[in-house]
Every structure is written in structure tokens, then in C-alpha cells.
Amino acid sequence: MKEAYLKVKNLTKHFPISNSLFRRTGFVHAVNQVSFELYQSETLGIVGESGSGKSTLGRVIMKLIQPTAGEVIYKGKNIFNEPEATIRRDMQMVFQDPYASLNPRMKVGDAIAEPLLAHHIVTGRKEAREKVCDLLHTVGLQPEMYNNFPHEFSGGQRQRISIARALGMAPKLLVCDEAASALDVSVQAQILNLFNNLKNGMDLTYLFISHDLAVVKYISSRILIMYLGEVMELADTEELFSKPLHPYTQALISAIPEPSTRRRKERILLEGDIPSSINLPEGCKFQSRCFKAMPECVYTHPPLSEVAPQHYVRCLLYPNQAGG
Amino acid sequence: MIESRTFREAFFRNRLAVLGLIGVVLIALTGILAPILREYPSGYGSELYNQPSAKYPLGSDSMGLDIFAEVIWGSRSSFYISLMAVAVASLIGIPAGLISGYYKGWIGEVIDGTVDIFLTLPTLPLMIIIAAVMGPSITNVAIVIGLLAWPSLARITRNATLKISEMQFIEAARSLGINSKAILFKHIFLNIAGPVLVNLTLVMATAVLAESGLSFLGLGDPTTWSWGTILKKAWDAGAIIDTPNPWWWWLSPSLFITLYVVCFNMLGTGINDTLNPKNRED
């Protein structure tokens, strides 16, 4: 059994909505009771459509947002009870929008050097400059770009700069929040390959958040499917693609476009949109759109059960076999 | 500043900005060098109501004093008042705006409420009352102007901060473990420096206008020459309605006030244009 590197336990985040100063009208249930373990040196892909809470989950794990409830256990301690500095160097994040995640008024070299100096990883301007040039080289950019401003770069180059900035802290875990989604397909492939090379070279663990199952399939060793803030299915990548159990997963996989001229046999079409996360459905969160919905789905909330070793599903179709 | 070199290059390519800067520097130099340029005008002169001539470049007034000397010494006090007012306004206004924009909770609400209260106060009557209570001294006048200028500066800082603090690179900086002080005074301040600097130049300009107004109403320091004081003396002597009209007496201080305001505005616009890196590609 592999060692759990990071344990997420019943993590919940509800955002209060208030339309006046004193009245609280409800909550956005962004993340609900999410639990999973992240293993050393793996890439866990988190997939879900817009509004499924995957980005919020990433931010809570990064301690950028305080959770409503739940724990993230790292090195035996709950990170929410620890001072900020303990996790900042080990966990880093690459953001979605390469055009917004760099300060437009700072030279990219200074932007990469800033956290190095703030955390005393390097001492002095000269050493910082050398380190920054190394980092630029690592992500496939020229060291001469030190003095350029972000607007002089393309989206892919900017994303490389963001990655270099995160790598400067020598992190062990990299949370990639839609890190390739804003790029066009060929650049996307370059960035994904860069992620893979870095992982092998630096023994990184990834939490790869994306809405694109094809991208996640390419890069992940395990995949977690989210819907309305809940874990729907969690399994190894091969297992998930060969034996998708949850109807939602099946629908997602059937929606991946295939580069083929033959007509596809079947495609599962889901109707409607993701329900509002303010007033959650009572039973299964997915039953309103599920093509296999049964009457009991409306009022019974299915638990997440391990139906095969390391394969978890939240669906009433699969009674709990492993745990009993 | 990190980008000082490129900023300087782009700034000097902007003709309007350079013109404004030259005007501001000239007025500042005149003020600083006033004791060397002309003797402090006081007492009585022998030649009243002289037209502009070689001896009196801007003419003389009803007491026979050299108006050129008065204007030079006036620019000294005007510049001093502007600097003091800006110092007072930015010491209160910029941190207040940054903090209320970045920490949105109750502390932001309290600061924003205070700004609202100050913005609703009628400036001119309040200025007159405070100036009257505090007594006529140009430092007092400058502090009063600064105290009444900070809310607008705080509001502008806050609005710009609100916009910038929601951007992803601020979140990125937080996830990189940069502390709040560095985020506020470096990341955010770099990005709001444009509107803030422009507003500061406006405060410099309005400070002179306000001072002239106060002096004209007789609430300035009667022992110090300022452009407003010259105008007041011209008005008291009836120079504005007299025939034949000693136009040089009231025209030169008015022109200098206008020039001062226009130069600072051009400088502010120039800084704003230059600070945006997208405008300096070619």
C-alpha cells in the first residue's frame, strides 16, 4: 500500500450569500464532505464541470480559503491549525489564466525572484538572478527574458513563467488549477509535456484540476470525478476509463471527442444544467440529470463506497462490496 | 522603483508630460531661488502704478512694490503649501485607501464610512472656519487643505485597490507566501500608482487654488506673499475696476495660478500614460 502524502478529510466549504447587511439568505455549497488521499509522486486529476467546486477545493487545500469544516492532514498535522509558513514552501499552485496571474507592472525575472527572496531561499540580488535564470531554463525559456514585462509574452510562455515561479520554492506538491485550459491545443500539449518532464525530474506530486477529461487522462495516474461539490467516483485512470461505473462518469467519457472518421456507436447526452448549488437536491445530487435514475435516488443520498480495490463510487446502483 | 529606466525613457518621449514637468520644475526653482532672484518686497516704493518696464518686469503696485518680486516670493509659498498639503493628504489617504480596499471586512467599512462623512463636509466653509480658528499662517493653511483633500485620495486609492486585489496575481502572490504588507505596498501599489500619482498632482494644483481663495478672502497669512495675497491687495486697492486699469497687477498672479494648475495636470496625465507599459512599446 502506498503512503498517503496528503489526507483530505470531510472537507466542506460553504460561501454565505447575503443580500443585505444583516440578513443571510443562504449558502453556496461549493464543496461538500470531500475526502481523499493523495499519494507520494502521483498525479491526481480532479474533473468536473463548471460550478462543481473543483477550483474551490484546490484553493482550500492551498489554504487560500478557510474551509467551513474538515481537515487537510499534511505531515501528520491539520494545515488549518498550523502557521502559514509551514505549507507555503511545500505546496505551490499554478493558476488558470496566464494573462492575469502575473503582475503586469513587474519584470518577469523580478516576479520569479520575489518569493525566493521573501523565503530566504537565496540571499542577495546576484544569487537570485542566477537562480531565476536556472528556473527560466528549466521551463524552456531563455534567461535573457529576465528584463521583459509579462505583456511581451504569449500565453504559453506566461504559463511557463508561472510554473518557474512556483518551482522556485522547490515544492513537493503542485496544484494546477486549469493550468492548461486557457491555452490553445498545441501549446496545451507543450505545457502538459513540461509538467510530465518536471514530475520525473523533481519528484513532484500533482493535483491536476481540469474540466477536460482528455487532458486529465493524459497526465493523471488517478482521477477524481466531482459533481456539485461531491466526489462521484475515484479510481485509477485505466480502471476509470475501462470500467466507468458512475453514470456521470460514463456520460463524461462518452463526450470526449475522438479523432476518427467512423460514426460513433452511441453517445450519452445529458439534459439540462448542473443544479444550483444554493438549494441542493435532497437525494443523489446527480439524479435530476441521470439516465439511470431510480425512484429511490430522489430521497436517498448514496454514500461513497469502495466497489473494487481503490475504486470508489457514489451511486445506489453499486452496493458497498468491499466494506460491507 | 524596479522599472525606473524604462519608465524614464518612455516619460521623456511624452511631449505633454515633459512640458508639464518643465513648468513644474521652473516654478519650483523660482520658489527655491527666490531669495537670490529678488529681495523680499516690503515697505513702500517710490514709483506707484508703474507699467511693466526693464526695472519692473511686471510693473509695480499701489505701494510702489515690484510685482515681479511678489510673484516670485508667491511661487515659493505656493510650492511649499502644495507640498505640505500633498504630504498630509497622502500620509492619511493612501494607507486608508489601500487598507480599506484590501481588507474588505469591518475595517474597510469603517474607513469607507469615515471617507463618506468627510466627503459630504462642505469644503470651503469648513476651510474658512478652520483657517480662522487656527490663525493665519501658511503652514496651517496647508494642513487644512491636506486634511480636506485626503478623502478623495483615499477613495481613488480604494477603488483602484478593490479592482487590483481581486486579480489572480494577488492570489498567486498569496499562494507564494508573500506577506500582506509586501502585497499591499508593492504589488497593489505598483498597479495603482498611476491614478494615485495623477490625483496627487491634482491635489498639488487644487492646494494652490484653495490657498489663493483663502488668501483672497483674507484668511491667509498677511505677512507672507502668495499669489492669492497679491490678488487680494489688488482687489482691496480697487485695481480690478479702476480706470486707467493697472492690468499687470491682477493679471500676472492669475496667470501664474493658471500656469501652475495646467502644468501639474499635464504632468499627471503624462505620468498616467507612461505608467501603463502597453503605451510604451514603440
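The model is predicted. Chain A is divided into domain 1, covering 4-88, 173-181 and 197-270, and domain 2, covering 91-170, and an open sheet of eight strands with mixed pairing runs in the order E6-E7-E8-E3-E9-E10-E12-E11.

**The sheet**
- Strand E6 (91-94) and strand E11 (305-308) of chain A stand at the edges with a single partner strand each, so one side of each is left without a neighbour in the sheet.
- Neighbouring strands of this sheet are turned against each other by 25° on average, with direction ignored.
- E6(A) pairs with strand E7 (residues 173-177) of chain A in the parallel sense over four bridges, and A:Val94 has A:Cys176 in E7(A) as its bridge partner.

**Helices on the sheet**
- Helix H1 (residues 54-61) of chain A packs on the sheet, where it touches E3, E6, E7, E8 and E9, and its direction makes about 150° with that of E8(A).
- Helix H9 (residues 247-254) of chain A lies across E3, E9 and E10, running at about 110° to E9(A).

- The C-alpha centres of domain 1 and domain 2 of chain A lie 26 Å apart, and the contact takes 18 residues from domain 1 and 13 residues from domain 2.
- About 1,500 Å² is buried between domain 1 and domain 2 of chain A, with carbon and sulfur atoms giving 70% of that area.
- Across this interface the rule finds zero salt bridges, whereas eight residue pairs are in polar contact, counting pairs with both residues at pLDDT 80 or more.
- On the side of domain 1 that touches domain 2, the elements giving two or more residues are H1, helix H2 (84-88), E7 and helix H6 (185-202) of chain A, and E7(A) gives the most, with five residues.

Definitions and conventions:
Residues are numbered from 1 along each chain as its sequence is written. Chains are lettered from A and ligands numbered from 1 in the order in which they are written. This is a predicted model: local features need pLDDT of at least 70, side-chain atom pairs count only at pLDDT 80 or more; totals for chains, interfaces and linings use all residues. Side-chain values use heavy atoms; hydrogens and water are left out. Two strands pair if DSSP finds at least two bridges between them. Axes are lines fitted to C-alpha atoms, for helices over the stretch in contact, and angles run from 0 to 180 degrees between N-to-C directions. Contact means heavy atoms within 4.5 Å. Domain bounds come from an automatic or database domain assignment. Buried area is the accessible area (1.4 Å probe) that two parts lose on being put together, summed over both. A salt bridge is a side-chain nitrogen of Lys or Arg within 4 Å of a carboxyl oxygen of Asp or Glu. A polar contact is a pair of N or O atoms within 3.5 Å; within protein, one must be able to donate a hydrogen and the other to accept it, and residues adjacent in sequence count only if both atoms are side-chain atoms.
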